[in-house]
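We will go stop by stop, with one selection at a time.

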Amino acid sequence: MTPGRFPTFRPSLTSTLCQLNIRLMLRKNSLPMEIPKKRVAWIDVSRVLAALLIMYVHLSSPLLKTTGIHLFYNGRVPFFLVLAGYFLARNITWNKALDRALWLFIPYMIWNVLYLFLLSRPAGNSFQLADLAGVRDVFLPGMDLFSFGSVPHGVPPIGPSWFLRDIIILALLTPLLARIKILLPPALLLFFSFCNMAPDPLVTRSLGSCAFYLLGVVLSSRRIDDIHLVLNKKFGVVFCVSILVSSAMGLLHSAGILSLWTETVAGMLLGVMLIMYAGIWVEKRLPGVAARIALLAPACFLTFMLHLPIYECLPSSMKFGAFSLFTPLLAFTAIVLFYFALKRFSPFLLPYLAHVKPPSGKPAA
């Protein structure tokens, strides 16, 4: 140090970074910031797979219908019910339940109304509000609470959207179900042991629909990583054997050698796990493909609402024969393009038409 001069202290790089970090923390605390939800790639891949299975089942081709039903042991709809129960029950409150049910009901009703008056064209005044909602029998067949002397419809105008109707109602009950979660495992054990009821499109909140949704509610206390770990441990052998057996039985049925079999509840549980494992396998073996498929998952809601109207507008040559193998893929591509067009040019319509939270994050998805 030069005599007669005071030392000059310069801030070090470390102290400068600390000050900058403190300023950023203060800014974060003063300004509201929305943390985006983390998506799980294998779940999104499984969602796309299950949606495609539903699209193949609803095609007119008998071979594709049989294959789509039995390849994953009729687990496609139970998969979505379990998934809905799992994610809706996590940190649920009555306000969240009402919000989620509302923002599922709005696009559900918009598409059904559009389909009803643009394509279905009901005759006279025979169609009532309960028919529009697809509500007839409740909980059990024969418990008709909404006919009022008319001949009601058992499903909404867009038939494949029936399970969304059930999810809307069950979402409103989820806070109560989450509070009595300790009582649900014994009830589910009794159902899966002594009942053999699949989710019924003609019955609002059928026993099968409630059971698979409640299974998701029970599993909501487990982490996604725990479910991934269980399915990732030596489940590949079960997957391969199950798919080979279902494929062989489907081919034997198509050849007229074997009569059509009926899936059990245990088989549908296996189908749910097979669909989940398929997503895990794609993410593990083909991570780049899984990342691209996962980008399509937000369009799944539109596949439920639009694939049947698209099928009805197609010529018979696209629903039968060899070309029908590609028809669901083409329809899915068209729906995905429509979704990305909405996202690009009209993002404000996403919560009303696609049940997707817009970038601003206002309506809940």
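A helix here is a DSSP run of H or I with at least four residues, and helices are numbered from the N terminus. Keep in mind throughout that this is a predicted model.

**Stop 1: the whole chain**

Show the cartoon. The protein chain has 16 helices and two strands. Colour by burial next: of its 365 residues, 44% count as buried. Now turn on contacts. Among those with a separation of 6 or more, 76% are between residues 24 or more positions apart. Finally, draw the surface. The accessible surface of the protein chain is about 20,300 Å², and carbon and sulfur atoms hold 69% of that.

**Stop 2: cysteine 300**

Select cysteine 300. This residue lies in helix 14, which spans residues 300-313. Is cysteine 300 buried or exposed? Its relative accessibility is 1%, and the cut-off for buried is under 20%, so cysteine 300 counts as buried.

Which residues does cysteine 300 touch, leaving aside neighbours within four places in sequence? They are Arg47, Val48 and Ala51. Cysteine 300 and tyrosine 339 are 39 residues apart in sequence, and their C-alpha atoms are 9.5 Å apart in space.

**Stop 3**

Show its side chain together with that of aspartate 44. The two side chains meet in a salt bridge, 3.3 Å from N to O. Both residues belong to helix 2, residues 41-57, and sit three residues apart, about one turn of the helix. Arginine 47 and aspartate 44 are both buried.

**Stop 4: a salt-bridge network**

The model has four salt bridges in total. Shared partners join Arg222, Arg223 and Asp226 into one network.

Is arginine 222 buried, partly exposed or exposed? Its relative accessible area is 47%, which falls between the 20% and 50% cut-offs, so arginine 222 is partly exposed.

**Stop 5: the second largest pocket**

Return to helix 2 and show pockets.

Colour the lining by element. Helix 2, helix 3 (62-70) and helix 12 (265-285) each supply at least two residues. Which helix gives the most? Helix 2 does, with six residues. Now colour the lining of this pocket by class: 14 residues are nonpolar, two are polar and none is charged.

**Stop 6: the cavity**

How many cavities of 30 Å³ or more are there? The count is one. The largest cavity has a volume of about 80 Å³. To see its lining, select Trp42, Ile43, Val82, Leu83, Tyr86, Leu219, Ile224, Ile227 and Met276.

Helix 2, helix 4 (76-88) and helix 10 (224-232) are the elements that give two or more residues to this lining. Helix 4 has the largest share, with three residues. By class, the lining of the largest cavity has nine nonpolar residues, no polar ones and no charged ones.

Notes: Residues are numbered from 1 along each chain as its sequence is written. This is a predicted model: local features need pLDDT of at least 70, side-chain atom pairs count only at pLDDT 80 or more; totals for chains, interfaces and linings use all residues. Side-chain values use heavy atoms; hydrogens and water are left out. Buried means under 20% relative accessible area, exposed over 50%, partly exposed in between (1.4 Å probe, protein chains only). Contact means heavy atoms within 4.5 Å. Accessible areas come from the Shrake-Rupley method with a 1.4 Å probe; for residues, only the protein chains shown count as cover. Ala, Val, Leu, Ile, Met, Phe, Trp, Tyr, Cys and Pro count as nonpolar, Asp, Glu, Lys and Arg as charged, and the others, Gly among them, as polar. On a 1 Å grid over the protein atoms alone, a cavity is a set of points where a 1.4 Å probe fits but cannot get out, and a pocket is an open set with protein on both sides within 12 Å along at least five of seven lines; lining residues have an atom within 4 Å of a point. Grid points are joined across faces, edges and corners, and a volume is the space filled by probe spheres set on the points.
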